[in-house]
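Here is a short briefing for a first look at this structure. Keep the sequence and the 3D view open as you read.

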Amino acid sequence: MSATLAGLAALAACGTARTPHPARPAPSAPSPVVSRPPTLAPGPAGLTPVFKNGTRTPDKTVALTFDADMTADQGPRAAAGEHFDNPRLIATLRAMRVPATVFMTGRWAEQYPVQARSIGRDPLFEVANHSYSHYAFTGDCYGLPTVPQERMRAEVERAYAAFREAGVRGVMPYFRFPGGCYDRRALKALASTGVTAVQWDVVSGDAFATDAGAVARQVLDGVRAGSVVVMHCTRSAAPVSERAVRMIVPELRERGFRFVKVSELIGGSAL
Ligand SMILES: [Zn+2]
């Protein structure tokens, strides 16, 4: 095993689990250009709502999500040749026609603006917010540096600004906490941004994995109708994700699953 604490940061859900609130569905009038993404209603006391998985309906849908991680201090490593992107993974998703949601850090979009734009403009995908710096929103989150509460909102807004700067359009109002770590303070700090926090119910274990088959098995064992699977779109920290996807996709299709983006799961949770 070559897993490190930092690598495990994105693997395990922490913070308190909360029940999703009824979603506000998108407007019913079909509009391919401007349609308001579905979001969850605010939680009690106006806290940022948290989405973990869709409804467990017989219409078996599953959302693969990919965190495009790059922290604010990894620029020198990228300059030295480390790859925080994974173009082959994106190409495979396209070749297999698999819709997916990419939770991107602002720093990643700055480093890879062409890819960020390309992902954002492809209707197969949707881009969502994974903070600017990939620093933690709670005090104890796998050793990640901590964002002070008064800077949390700015972390989200700076990422959206980085997406705009890179030319990424149509970014979704969904936010994934770095490491999945959040608490009431963090949910309160982000309430005014209007985002829906998106967690997951299936951990792929792809971070620092070396065995694609083991990653695929873990996903295939965990997926249920409405599942959200967390994976990564960064070669250096998740080198076997693309191979795992090639195993996961045909098997889940064989089982009758349909791949959707997170927005469809959130929209469907109101039904
Ligand atoms: Zn992450």
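This is a predicted model: local features need pLDDT of at least 70, side-chain atom pairs count only at pLDDT 80 or more; totals for chains, interfaces and linings use all residues.

Helix 9 covers residues 241-254.

- The buried residues of helix 9 are S241, E242, A244, V245, I248 and L252.
- An α-helix has 3.6 residues a turn, so residues three or four places apart point the same way.
- The cover over the buried residues of helix 9 includes strand 4, helix 3 (87-95), helix 8 (212-222) and strand 10 (227-232).
- R246 also belongs to helix 9. R246 counts as partly exposed because it has 15 C-beta neighbours inside 10 Å, and burial takes 20 or more.
- The C-alpha atoms of R246 and A216 are 8.8 Å apart in space, although 30 residues separate the two in sequence.
- Just after helix 9 comes G256, with a positive phi of about 95°.

**Helix 8 against helix 9**

- Helix 8 and helix 9 pack with their axes 8 Å apart, at an angle of about 35°.
- Their crossing is right-handed.
- Helix 8 brings A212, G213, V215, A216, V219 and L220 to this contact. Helix 9 brings R243, A244, M247, I248 and E251.
- R224 sits in the loop between helix 8 and strand 10. R224 is partly exposed, because 13 other C-beta atoms lie within 10 Å.
- From R224 to V202 is 8.9 Å, C-alpha to C-alpha, across 22 residues of sequence.

**Helix 6**

- Helix 6 runs over residues 149-166. Its 18 residues, at 1.5 Å each, should span 26 Å; the end C-alpha atoms are 27 Å apart, which agrees.
- Which residues of helix 6 are buried? They are M152, E155, V156, A159, A162, F163 and A166.
- These buried residues pack against helix 4 (106-111), helix 5 (113-121), strand 6 (125-129), strand 7 (174-175) and helix 7 (184-189).
- G167 follows helix 6 and has a positive phi, near 85°.

**The nonpolar core**

- The largest nonpolar core has 77 residues. V102, A109, A116, V127, A128 and V229 touch the most other members.
- Helix 6 gives this core its largest share, six residues.
- A116 touches M104, W108, A109, F163, A166 and V168, leaving out residues up to four places away in sequence.

**T65 in strand 4**

- T65 lies in strand 4, residues 61-68.
- Is T65 buried or exposed? T65 counts as buried, because it has 26 C-beta neighbours inside 10 Å.
- Setting aside neighbours within four places in sequence, T65 is in contact with A100, T101, F103, W200, V228, V229, V230, M231 and V262.
- V198 is 133 residues from T65 along the chain, yet their C-alpha atoms are separated by 9.9 Å.

- Y142 is not a glycine, but its phi is positive, near 55°. Y142 is in the loop between strand 6 and helix 6.
- Y142 counts as partly exposed, because it has 19 C-beta neighbours inside 10 Å.
- F208 is another residue other than glycine with a positive phi, near 65°. F208 is found in the loop between strand 9 (202-203) and helix 8.
- F208 counts as buried, because it has 20 C-beta neighbours inside 10 Å.

**The whole chain**

- The protein has ten helices and eleven strands.
- Of its 271 residues, 47% count as buried.
- Among contacts with a separation of 6 or more, 82% join residues 24 or more positions apart.

**Confidence**

- The mean pLDDT of the protein is 89, and 87% of its residues reach 70 or more.
- Residues 1-22 have pLDDT below 50; this stretch has 53 contacts in the model beyond near neighbours in sequence.
- Residues 25-33 also stay under 50 in pLDDT. The model has ten contacts for them beyond four places in sequence.

Notes: Residues are numbered from 1 along each chain as its sequence is written. Helices (H or I, at least four residues) and strands (E, at least two) are DSSP runs, numbered from the N terminus. The expected span of a helix is 1.5 Å times one less than its number of residues. A residue is buried if 20 or more other C-beta atoms lie within 10 Å of its own, exposed if 12 or fewer, and partly exposed in between; C-beta atoms are placed from the backbone. Two residues are in contact if their C-beta atoms, placed from the backbone, lie within 7 Å. A nonpolar core is a set of buried Ala, Val, Leu, Ile, Met, Phe, Trp, Tyr and Cys residues joined through C-beta atoms within 7 Å. pLDDT is the predictor's confidence in each residue, from 0 to 100. Axes are lines fitted to C-alpha atoms, for helices over the stretch in contact, and angles run from 0 to 180 degrees between N-to-C directions. A crossing is left-handed if the near helix is turned anticlockwise from the far one by less than a right angle, and right-handed if clockwise.
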